[in-house]
Amino acid sequence: MKFPSWLRNTMNRHSKPSANGPRRHKSCWAPMRLEPLEDRNAPAIISWTNRNDFSGPTDNRFDDVFGSLATQAISVVDAAIVQWSRVIESFNYGNPTTEYLLAFYCAAAPLTSPGTGVGASANVNPTFVNGKPAAATITINYRATGNSGNVS
């Protein structure tokens with residue numbers, strides 16, 4: 001097996017002893033340098049603003065749509081918010097106590113068009129902190145079916 005010339009030259013250069021004794025190996029590689037990560041002093045705070053609203057203009061309609069399973073459905077949204085808070089470590093608002101405000105709603109009526117999809121939609125509210133959005137509204141669509149827990 002024949003080594004490429006650049007490898008042969010490297011091997012030969014380091015293996016030949018000099019007149020004063022064995023040659024010391026001089027590394028041809030630069031030392032590895034690591035850069036520090038940016039500080040993460042402002043963890044993301046995401047708040048569900050209408051979590052416990054079951055009537056009035058901010059009614060989230062979870063009780064209407066999920067009935068006896070409303071607590072479980074709310075727990076799913078709570079878990080999603082916790083996970084997103086871990087993923088988004090900072091919104092970089094400048095003030096670490098600034099919250100991102102989310103309002104979740106189930107749609108006012110079930111979908112009636114044919115199909116199996118339901119989906120959701122989100123809108124950023126015109127609330128800004130240092131030029132960055134600080135609030136959003138999410139509407140979850142649903143279908144009224146006997147085995148889903150939906151009662152509407």
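Reader: Is D78 buried, exposed or partly exposed, and what is its relative accessibility?

Author: In this predicted model, D78 counts as partly exposed because its relative accessibility is 23%, and a residue is called buried under 20% and exposed over 50%.

Reader: Which side chain does D78 meet in a salt bridge?

Author: The general idea is that side chains of opposite charge can pair when their charged atoms come close. Here the partner of D78 is R51, and the two side chains meet in a salt bridge with 2.5 Å from N to O. R51 lies in the loop between β1 and α2, whereas D78 belongs to helix α3, so this pair ties together parts that are 27 residues apart in sequence. R51, at 29% relative accessibility, also counts as partly exposed.

Reader: How many salt bridges does the structure have by this rule, and with which residue does R61 form one?

Author: The count comes to 2 salt bridges. R61 forms a salt bridge with D64, and the closest N and O atoms of that pair are 3.6 Å apart. R61 counts as buried, with a relative accessibility of 18%, while D64 is partly exposed, with a relative accessible area of 28%.

Reader: How should I read the backbone angle phi, and what is its value near R61?

Author: Most residues other than glycine have a negative phi. R61 has a phi near 65°, which is a positive value in a residue other than glycine, and the place of R61 is in the loop between β1 and α2, the latter covering residues 62-66. N92 has a positive phi as well, near 55°, and is likewise a residue other than glycine; its place is in the loop between α3 and β2.

Reader: Now for the sheet: what is the order of its strands?

Author: Strands of a sheet pair through backbone hydrogen bonds, either parallel or antiparallel. In this structure an open sheet of 4 strands has the order β1-β2-β6-β3, and its pairing is mixed. The edges are taken by β1 (46-48) and β3 (120-124), each of which has a single partner strand, so one side of each is left without a neighbour in the sheet. On average, and with direction ignored, neighbouring strands of this sheet are turned by 25° against each other.

Reader: Which helix packs on the sheet, and which strands does that helix touch?

Author: Helix α3, residues 70-87, packs on the sheet and touches β1 and β2, and the direction of this helix makes about 165° with that of β1.

Reader: How many bridges join β1 to β2, and how many pair β2 with β6?

Author: β1 and β2 (residues 100-106) run parallel and are joined by 3 bridges; to find a place where they meet, look at W48, whose bridge partner in β2 is L102. β2 and β6 (residues 135-140) also pair in the parallel sense, over 6 bridges, and here C106 stands opposite I140 in β6.

Reader: How many of the residues of β2 are buried?

Author: Of the 7 residues of β2, 6 are buried, and the strand is thus mostly covered.

Notes:
Residues numbered from 1 in each chain as written. Predicted model: local features only at pLDDT ≥ 70, side-chain atom pairs only at ≥ 80, totals over all residues. Heavy atoms only, no water. Pairing = 2+ DSSP bridges. Helix = DSSP H or I, 4+ residues; strand = E, 2+ residues; numbered from the N terminus. Axes fitted to C-alpha atoms, helices over the stretch in contact; angles between N-to-C directions. Contact = heavy atoms within 4.5 Å. Salt bridge = Lys/Arg side-chain N within 4 Å of Asp/Glu carboxyl O. Buried < 20%, exposed > 50% of the residue type's maximum accessible area, 1.4 Å probe, protein only.
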